[in-house]
Amino acid sequence: DPADAAYDFSGVDAAVRGAQARGFQVLLTASFAPDWAEGPDRPDLETAPPGTWDPDPVAFRDFAHAVARRYSGGFVDPGRSDLGPLPRVQHFEAWNEPNLGGFLGPQWVGSEARSPALYRELLNSFYDGVKAVRADNLVLAGSLAPYGDPPGHPRMRPLFFLRELFCLEGRRKLTPQQCPPVRADAL
């Protein structure tokens, strides 16, 4: 529900209104999950900060849908109806730097990459939620951090992450492997 009082959109609403008044296009980035939408067995908070641990793709889809409805150009916030409808936002980014453990975890399960498949689920769910509101909304895959470490460390190398995300094997001659497709308008 885009009007749910559990969400505090007051700062975002003001920023979106201000940007529109100045002629800017807005890109909204959704990242971090509430406690109830995270997976079990989180390691310590230093390794997996709040909002980063094994987020639920279905909850992320529902949140993306609520955000896209809120900024569809026709939504009037019941608490601020004197301001009229909120401006339309057309650009939405799913998560930020999902190749870093400080933003999405787990990055690895033993020596096996986990975050690319988890992020594919999150991205596809986010895409579905945003596009269900308006098909002409643009969904961007999350920006990647430029550096990474060898397997098992909290930062995954960006090109390795992308090969895993798109199920491509090899380093020079990439060979597609079977996996669910990635749904996004831009990377």
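A residue counts as buried under 20% relative accessible area, as exposed over 50%, and as partly exposed in between (1.4 Å probe, protein chains only). N99 is buried, with a relative accessible area of 0%. The structure is a predicted model, in which local features need pLDDT of at least 70, side-chain atom pairs count only at pLDDT 80 or more, and totals for chains, interfaces and linings use all residues. Residues are numbered from 1 along each chain as its sequence is written, and side-chain values use heavy atoms, with hydrogens and water left out. Helices (H or I, at least four residues) and strands (E, at least two) are DSSP runs, numbered from the N terminus.

**Sheet**

- The strands β1, β2 and β5 form an open, parallel sheet of three strands in the order β1-β2-β5; two strands pair if DSSP finds at least two bridges between them.
- At the edges stand β1 (27–30) and β5, each with a single partner strand, so one side of each has no neighbour in the sheet.
- From one strand to the next the twist averages 25°, with axes taken as lines fitted to C-alpha atoms (for helices over the stretch in contact) and angles running from 0 to 180 degrees between N-to-C directions.
- β1 and β2 run parallel and are joined by four bridges; L27 stands opposite H91 in β2.
- Strand β2 (residues 91–94) also pairs with β5 in the parallel sense, over four bridges, and the bridge partner of E93 in β5 is L140.

- In helix α4 (residues 158–165) the buried residues are P158, F161, L162, R163 and L165.
- The elements covering these buried residues include α3 (115–131) and β6 (168–169).
- C167 lies in the loop between α4 and β6 and has a positive phi of about 55° although it is not a glycine.
- One disulfide is found in a search of the whole structure, the term meaning a pair of cysteine sulfur atoms within 2.5 Å.
- This disulfide joins C167 to C179, with an S to S distance of 1.9 Å.
- The pair links distant parts of the chain, 12 residues apart, with C167 in the loop between α4 and β6 and C179 in the segment after β7 (175–176).
- The torsion about the S-S bond of C167 and C179 is about 115°, so the disulfide is right-handed.
- C167 is buried, with a relative accessible area of 11%, whereas C179 is partly exposed, with a relative accessible area of 29%.

**Loop between β2 and β3**

- N99 is found in the loop between β2 and β3 (108–109).
- Leaving aside neighbours within four places in sequence, N99 is in contact with Q107, L144, A145, Y147, P154, R155, M156, R157, P158 and F161; contact means heavy atoms within 4.5 Å.
- Of these contacts of N99, P158 and F161 are among the buried residues of α4.
- P106 is found in the loop between β2 and β3, and the peptide bond from G105 to P106 is cis, with omega near 5°.

- Most residues other than glycine have a negative phi, and most peptide bonds are trans.
- D54 is not a glycine but has a positive phi of about 45°.
- D54 is found in the loop between β1 and α2 and is partly exposed, with a relative accessible area of 24%.

**Largest pocket**

- The largest pocket has a volume of about 510 Å³.
- On a 1 Å grid over the protein atoms alone, a pocket is an open set of points where a 1.4 Å probe fits, with protein on both sides within 12 Å along at least five of seven lines, and lining residues have an atom within 4 Å of a point.
- Grid points are joined across faces, edges and corners, and a volume is the space filled by probe spheres set on the points.
- The largest pocket is lined by 25 residues, of which Y7, F32, P34, F63 and V67 are the closest to its centre.
- β1 and α2 (57–70) each supply at least two residues of this lining, and α2 gives the most, with six residues.
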